[in-house]
Amino acid sequence: MAMECVDSSPSDLSIPEIPAWLHSYTIKKHLTSYAEAKKIKNYRRAAHVCLWARLEGWSMFGRLRGAVMMQLRFDGTFGFPGGLISEGEDVVEGLNRELMEEIAWNPTVAPVTWNDYYNTQVDSPHNLVLHFFIKQLTLGQFCDLEKACPQCSEYGKEVMGSVRVPLYTMHNMYSGLPAFLNNKFTSIAKEQLLLSLYHVKLLSEEEVKLAILHSQADQHRLTRFF
Ligand SMILES: O=c1[nH]cnc2c1ncn2[C@H]1C[C@H](O)[C@@H](COP(=O)(O)OP(=O)(O)O)O1
């Protein structure tokens with residue numbers, strides 16, 4: 001018997017416009033509205049969130065603009081916190097539950113809500129609907145969360161730790177964000193990272209383009225070398 005699905009989503013969820021140059025690089029799966037995604041049968045649903053905070057200042061490596069959280073997963077890839085939504089579970093409730101398990105998130109402090117919804121992509125080969133959220137925290141909340149992460153129930157199991165994404169590019173034009181982009185990411189997490197950085201204006205169009213270009217340039221150098 002099919003289980004009744006709880007759904008607290010508002011009827012007017014819209015998808016933010018993605019400029020063509022970014023779309024071609026970041027939208028690797030079928031982009032769809034939340035309403036359309038709800039009609040898809042026999043797919044599992046997952047929800048992940050980019051948690052970030054604004055941060056002014058400089059380090060010895062470059063300008064600090066913000067703190068963006070990703071996590072090293074059990075399989076050695078990077079991804080955003082979140083996970084599979086149980087059958088019949090509301091997406092936002094399921095996401096907050098996953099965050100409690102994976103990063104010791106306290107949903108009473110700053111719950112992820114539908115106001116943080118960003119978009120939905122359908123991963124057909126894997127029968128997965130991927131909902132993505134972007135949530136801004138205060139820097140204090142972000143730092144508290146970083147400290148709490150190792151206390152989560154999945155620490156050392158599904159989650160090997162949280163990381164801050166380096167948002168600067170160093171003088172060699174590779175170290176920092178371009179090098180980070182050459183890590184292995186799960187599913188569409190790398191594309192979601194670039195979308196998030198552009199969407200919340202932590203990076204300009206030019207900076208996103210350069211980060212992509214410099215990460216690719218290094219791959220080509222390595223290919224030539226070997
Ligand atoms: O960060 C991500 N962005 C997009 N899709 C992702 C991300 N992390 C995982 N995924 C995909 C690939 C996985 O098979 C499913 C389920 O996610 P996961 O976090 O592994 O789920 P559980 O924690 O095991 O519930 O989503």
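Look at E102: one of its polar side-chain atoms sits 3.0 Å from an oxygen atom of the ligand, a polar contact, meaning a pair of N or O atoms within 3.5 Å (inside the protein, one must be able to donate a hydrogen and the other to accept it, and residues adjacent in sequence count only if both atoms are side-chain atoms). F80 uses its backbone instead, placing an N or O atom 2.8 Å from an oxygen atom of the ligand. On its own the ligand has 530 Å² of accessible area, and the protein covers 84% of that (areas come from the Shrake-Rupley method with a 1.4 Å probe; for residues, only the protein chains shown count as cover).

A word on what you're looking at: this is a predicted model, where local features need pLDDT of at least 70 and side-chain atom pairs pLDDT 80 or more, while totals for chains, interfaces and linings use all residues. Residues are numbered from 1 along each chain as its sequence is written, and side-chain values use heavy atoms, leaving out hydrogens and water.

So who else is around the ligand? There are 18 residues in its shell, with F80, L84, E102, E158 and Q192 the closest; to count, a residue needs a heavy atom within 4 Å. Strand 7 (82–84) gives the largest share, three residues. Among the other elements supplying at least two are helix 3 (91–103) and helix 6 (189–199). These helices and strands are DSSP runs numbered from the N terminus (helices H or I, at least four residues; strands E, at least two).

Now follow helix 3. Near its start, a side-chain oxygen of D90 comes within 3.3 Å of the backbone nitrogen of V92. Both E98 and E102 are among the buried residues of this helix, buried being under 20% relative accessible area (over 50% is exposed, in between partly exposed; 1.4 Å probe, protein chains only). After the helix comes A104, with a positive phi near 55°.

What about helix 6? Nine of its eleven residues are buried, so the rest of the structure largely encloses it. Q192 is one of those buried residues. Just past helix 6, K201 has a positive phi of about 65°.
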